[in-house]
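Subject: Handover of a structure and its findings

Dear colleague,

I am passing the structure below to you, together with a summary of what was found in it. Please look at the model first and then read on.

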Amino acid sequence: MPEAQRFDVVMIGAGPGGYVGAIRAAQLGLRVACVDKAPSLGGTCLNIGCIPSKALLDSSEWFVQARTKFARHGILCDGIRLDLAAMMARKEAVVKGLAQGIAGLFKKNNITSVQGHACFRDPRTVTVTARDGTQQLLQADAVVIATGSEPIALPALPFDGQYVVSSTEALAFPAVPQHLVVVGGGAIGLELGSVWLRLGAKVTVVELMPRVIPGTDAQIAAALQRALTKQGFSFFLNSRVTEGVVHNGMVTLTVENDKGVQNQLQADRVLVAVGRKPYTAGLGAEAIGIAFDARGRIVVDRHYRTNVPGVYAIGDVIAGPMLAHKAEEEGVALAERLAGRAGHVNYDLIPNVVYTWPEVATVGLSEEAAKASEINYKVGTFSFSANGRARCMDETEGMVKVLADAKSDRVLGVHIIGPRASDLIAEAVMAMEFGAAAEDIARTVHAHPTLPEALREAALAVDRRARQS
Ligand code: FAD
Ligand code: NAD
């Protein structure tokens, strides 16, 4: 074994937590190595998560637009067909380009990028084993675990990689399924279900809870379910899969609801998307005494310190929403702390987006959460059907909902379902970060005609002052 290479920081994992944290640490003058076992940088998000799913969502939405919506704009297209291979190739090119971008950033910031599987030898030393079996030792004062997460499997329906699959395979089906059953009506299920529905599959969602995207403001989640039902989705709510039998390329599923009523579904593909769990396989974290909680997450304090001095953890492997931007912010905050500065993540204001169409984007308290906390609140809503730009775009489905404190008028939550909600939410997050009142948003000049005017109108509606545009 060669002598250990020394660094200030070793990041294990080059996902949004690890690579963003590595870049920030290097910018602040620390000597940084970032290890990833995958050949392509960027982690789950870039390679098998956020980016490929959004590439397919964008492509498949164009397909639907061309087939069903262009005619309303007076654009007549005949013989529109799907070239799935080209769609997949574009998705892969997007991923490859962005991964190369990270490699370029590593180079520019003098970050040592190491490919191989990392395993703790002791709290300050990791052994990295490359695919060809060669090993090297990396040593640092701070070792950061940013190893992410993996899909949760269902005992009644284990993954087989072909017919019963996780999101990874569902991002690359070789052909459009005839009937895709999606188990789990959360972000992955509804996004990837949307992709394949738009491309021609029949899609059925089996969800354990009485509603989709549990935890999201109930009014907005109900509106999304209505919109998706109109598009052709079928839903079995309050239901679980009790048995799955794969035979001759078909999966027969037994679905049971909370009243014990059973249904049988036949599908050629089943996507199981019932959540993800922290990934620490082969890391040797237990051997150095790292503490885990009951859900397998690494326990950290508010400075991302584990119970083992010198070892830190960020991203999907610790508690909190499993979101790329949450992991990124933790990477930045930790890097700043390691460099002797102050770093902080505002966990109350992490936006959550579901990239269906219409999109759903939320930040802050839902109406149910405000009620449960016995907060006295006011609500303002505004429909995109009354927004001039949405009408020009012919995208009038959806609404903006603003919750504000009844006394102080401070914005408590913003919930959007509608066109480009993913982009619109940024203004709400910024306003809330600065402690804005609904009136602050209402009095901010918004360009006309634009979609963000719907947020301003919802803020005005908090005081019953909304106008129709
Ligand atoms: P990861 O991105 O999982 O990165 C961990 C890295 O560590 C991996 O590259 C892995 O190879 C490496 N690794 C693990 N163990 C070792 C080891 N022992 N040695 C070396 N390397 C190791 N989030 C959003 O915010 N927006 C979205 O639109 C979104 N869409 C998603 C769509 C899908 C289909 C999926 C699956 C997830 C999506 N997510 C989305 C979630 C997002 O991908 C994760 O929250 C994010 O990637 C977590 O970042 P991370 O850095 O903690 O871990
Ligand atoms: P999720 O937690 O978002 O949704 C899982 C869904 O499955 C929930 O609605 C849950 O009630 C349901 N469920 C659980 N057990 C079930 C069972 N036995 N039968 C039927 N339904 C069951 O998880 P996900 O969709 O798998 O996504 C994993 C993670 O990735 C999430 O943390 C999510 O935040 C993240 N992600 C984010 C985005 C985004 O930000 N747009 C996109 C994809 C994934």
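How far is the polar side-chain atom of His325 from an oxygen atom of ligand 1? The distance is 3.3 Å.

Before the details, some conventions apply. The model is predicted, and local features need pLDDT of at least 70, side-chain atom pairs count only at pLDDT 80 or more, while totals for chains, interfaces and linings use all residues. Residues are numbered from 1 along each chain as its sequence is written, chains are lettered from A and ligands numbered from 1 in the order in which they are written, and side-chain values use heavy atoms, with hydrogens and water left out.

Ligand 1

On its own, ligand 1 has 1000 Å² of accessible area, of which the protein covers 94%. Such areas come from the Shrake-Rupley method with a 1.4 Å probe, and for residues only the protein chains shown count as cover.

The shell around ligand 1 holds 37 residues, and the closest are Asp36, Thr44, Lys54, Ala118 and Ala324. A residue belongs to such a shell if one of its heavy atoms lies within 4 Å of the molecule. Two or more residues of this shell come from each of helix H1 (16-27), strand E2 (32-36), helix H2 (43-48), helix H3 (50-69), strand E4 (117-122) and helix H8 (324-338). The largest share, four residues, is that of H2. Helices (H or I, at least four residues) and strands (E, at least two) are DSSP runs, numbered from the N terminus. By class, the shell around ligand 1 has 17 nonpolar, 15 polar and five charged residues. Here Ala, Val, Leu, Ile, Met, Phe, Trp, Tyr, Cys and Pro count as nonpolar, Asp, Glu, Lys and Arg as charged, and the others, Gly among them, as polar.

Ligand 2

Around ligand 2 there are 23 residues, the closest being Ile188, Glu191, Glu207, Gly275 and Val353. Glu191 places a polar side-chain atom 2.7 Å from a nitrogen atom of ligand 2. Taken alone, ligand 2 exposes 830 Å², and the protein buries 78% of that.

Helix H6 (residues 187-198) gives the most to this shell, with three residues. The shell around ligand 2 consists of 14 nonpolar, five polar and four charged residues. Why does ligand 2 lie between domain 1 and domain 2? Domain 1 (5-151 + 277-347) and domain 2 (164-274) both give residues to its shell, so ligand 2 lies between them. The domain bounds come from an automatic or database domain assignment.

The largest cavity

The structure holds one cavity of 30 Å³ or more, and the largest cavity has about 40 Å³ of space. On a 1 Å grid over the protein atoms alone, a cavity is a set of points where a 1.4 Å probe fits but cannot get out, and lining residues have an atom within 4 Å of a point. Grid points are joined across faces, edges and corners, and a volume is the space filled by probe spheres set on the points. Among the lining residues are Asp409, Ala438, Leu460 and Arg465. Helix H12 (438-443) and helix H13 (453-461) each supply at least two lining residues, and H12 has the largest share, with three. The lining comprises five nonpolar, no polar and four charged residues.

Backbone features

The peptide bond from Trp357 to Pro358 is cis, with omega near 0 degrees; Pro358 lies in the loop between strand E18 (352-354) and strand E19 (359-364). The bond from His448 to Pro449 is also cis, with omega near -5 degrees, and Pro449 is in the loop between H12 and H13. Tyr304 is not a glycine, yet has a positive phi of about 65 degrees.

With kind regards

How values were computed: Polar contact = N/O pair within 3.5 Å; in protein donor to acceptor, adjacent residues only side chain to side chain. 1 Å grid on protein atoms, 1.4 Å probe; cavity = no way out; pocket = protein on both sides within 12 Å on 5 of 7 lines; lining within 4 Å.
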